[in-house]
Amino acid sequence: MDLCYHNWWFVALWALLVVVVTISFIRNGKMSFSVWILHSAIIFIVAGALTTFIFGEKGTIHLRQGLPARFFLDNTSSDCYSLPFAMILNRFEIKYYDGTTRPGDYVSRLTIVDRNGEKQEAVSMNNVLSYRGYRFLQGSYDDDKQGVVLLVNHDPWGMWLVYFGYLLFSGGIMLNLFLRGGKIKQWLTNLQSNRQSIPFLLGAFVIAGVIVPSYVLLRMSYSEKYLQPVLQSFWLKPHVWCIATSYTLFVLVTLNSFVACVCRMRKSWLELENLRMISKLMLYPAIAFLGIGICLGSVWANESWGAYWSWDPKEVWALITFIVYALAIHDEKIKWLQNPLSFHLCLFFALISVIMTYFGVNGFLGGMHSYAS
């Protein structure tokens, strides 16, 4: 964190991204409304993240049963901050799955005391306690079960700026894809002269959007009764569905690019260009689902861990994957990608980032997403 993610030069890189996006707005006066919405979301997300970085407070508060506490420790500096109210732990409960010793939830029963009187509250997994601008989440508990450690987050402005950016981003993607004159309609119009590609595309979208996500969610439903408490969330299924759909489409894009490279060896440039259009028709929804999946996962993380972005290895590599594939959809503005062969080679090797995100992180880097361990 100190050497990279929270360092000044890394923050400067994100500021540079905002400058580049802003300049592109100014230079491209004919930018459509949907494209403007999509790219302006980047400014709000980065601005929100910077606000959180500068003004946000994150820490932990240790509560012992029956004893009032009103100070929490900062996660990074170990500084002590005072809350404008006191908290008392009444009791801590572990709820187990029926007939097992597997924890299903952790619940802290609390009393909040301030100048307005007392209030009874509870904190459990995926159940955030929000009070006077502070958010409290279940962290850990003492061995004797007479005390708990709650995560504390005080970020009244940054979080909502980022959430607004997510809303703009998701809306911009949908508008950009499906509005009259949107990308999907443009490429379908171009493919009318090559009707044999339509069945392939329909099959690809059925596989990526229905079959694979349904299989993944079906496997999850068998173990749903024994999921770790953090996974007992509304956000699980839509997040997994979006990510599974995007990764499947990326694999299909890679296969299509492999076919294109074979066609290049046969000197079939016309077929190369047709396969390029097919790749882009799958690429736009793939990036859309990955982006929305990252946003959903970020909201979920904020409800579970108190931070919408923690630079966890899975988060980082999902972002890397998004950036790598985002380059390909800007081929009209990147000169070397305007060559069909270069475009397909880029997409062929881009799958490395997907493999690293899905397998490499779980196998080598670990982090908060290593639930299996």
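Trainee: Which residues does leucine 283 touch, not counting residues up to four places away in sequence?

Mentor: Bear in mind that this is a predicted model. Leucine 283 belongs to the largest nonpolar core, where it is listed with Phe250, Met282 and Tyr325 as touching the most other members. With residues up to four places away in sequence left out, the residues that leucine 283 touches are Phe250, Val253, Tyr325, Ala328, Ile329 and Leu347.

Trainee: Which element gives the largest share of this core?

Mentor: The core has 47 residues. Elements that give two or more residues to it are α2, α3 (158-178), α5 (197-222), α6 (236-265), α7 (269-304), α8 (313-329) and α9 (340-365). The largest share, 14 residues, is that of α7.

Trainee: How many residues are in the second, separate core?

Mentor: Ala69, Leu83, Met125 and Phe136 are included in this second core. Its size is given as a residue count, and that count is 22.

Trainee: Is isoleucine 37 buried or exposed?

Mentor: Isoleucine 37 sits in helix α2 (residues 33-55), and it touches Leu168 and Gly172 when residues up to four places away in sequence are not counted. The cut-off for buried is under 20% relative accessible area. Isoleucine 37 has a relative accessibility of 11%, so it counts as buried.

Trainee: What accessible area do the residues of the nonpolar patch on the surface have together?

Mentor: The patch is formed by Trp8, Trp9, Leu13, Leu16, Val19, Val20 and Ile23. Among them, valine 20 lies in helix α1 (residues 8-27) and is partly exposed at 47% relative accessible area. Together the patch residues have an accessible area of about 720 Å².

Trainee: How many residues apart in sequence are the parts tied together by glutamate 303 and arginine 135?

Mentor: The side chains of these two residues meet in a salt bridge, 3.5 Å from N to O. Glutamate 303 is partly exposed at 24% relative accessible area, whereas arginine 135 is buried at 9%. Glutamate 303 lies in helix α7 and arginine 135 in strand β7, so the separation in sequence of the parts they tie together is 168 residues.

Trainee: With which residue does arginine 132 form a salt bridge?

Mentor: Arginine 132 lies in the loop between β6 (129-131) and β7 (134-141), and its partner is in strand β4 (residues 103-114). Arginine 132 is partly exposed, with a relative accessible area of 37%. The closest N and O atoms of the pair are 3.6 Å apart, and the partner is aspartate 114.

Trainee: Which side chain of opposite charge is nearest to aspartate 74, and how far away is it?

Mentor: Aspartate 74 is in strand β2 (residues 68-74), and its contacts include Gly59, Asp79 and Tyr81. A salt bridge needs a side-chain nitrogen within 4 Å of a carboxyl oxygen. Aspartate 74 is buried and has no salt bridge, and the nearest side chain of opposite charge is that of lysine 58, at 9.2 Å.

Trainee: How many salt bridges does the structure hold?

Mentor: Glutamate 121 and lysine 119 form one of them, at 3.4 Å from N to O. Arg64, Asp142 and Asp144 are linked in a network of salt bridges. For the structure, the number of salt bridges is nine.

Definitions and conventions: Residues are numbered from 1 along each chain as its sequence is written. This is a predicted model: local features need pLDDT of at least 70, side-chain atom pairs count only at pLDDT 80 or more; totals for chains, interfaces and linings use all residues. Side-chain values use heavy atoms; hydrogens and water are left out. Helices (H or I, at least four residues) and strands (E, at least two) are DSSP runs, numbered from the N terminus. Buried means under 20% relative accessible area, exposed over 50%, partly exposed in between (1.4 Å probe, protein chains only). Lys and Arg count as positive and Asp and Glu as negative; His and the chain ends are not counted. Contact means heavy atoms within 4.5 Å. Patches are made of residues with over 30% relative accessible area and no salt bridge: like charges are joined within 9 Å, nonpolar side chains (Val, Leu, Ile, Met, Phe, Trp, Tyr) within 5 Å. Accessible areas come from the Shrake-Rupley method with a 1.4 Å probe; for residues, only the protein chains shown count as cover. A nonpolar core is a set of buried Ala, Val, Leu, Ile, Met, Phe, Trp, Tyr and Cys residues joined through side-chain atoms within 4.5 Å.
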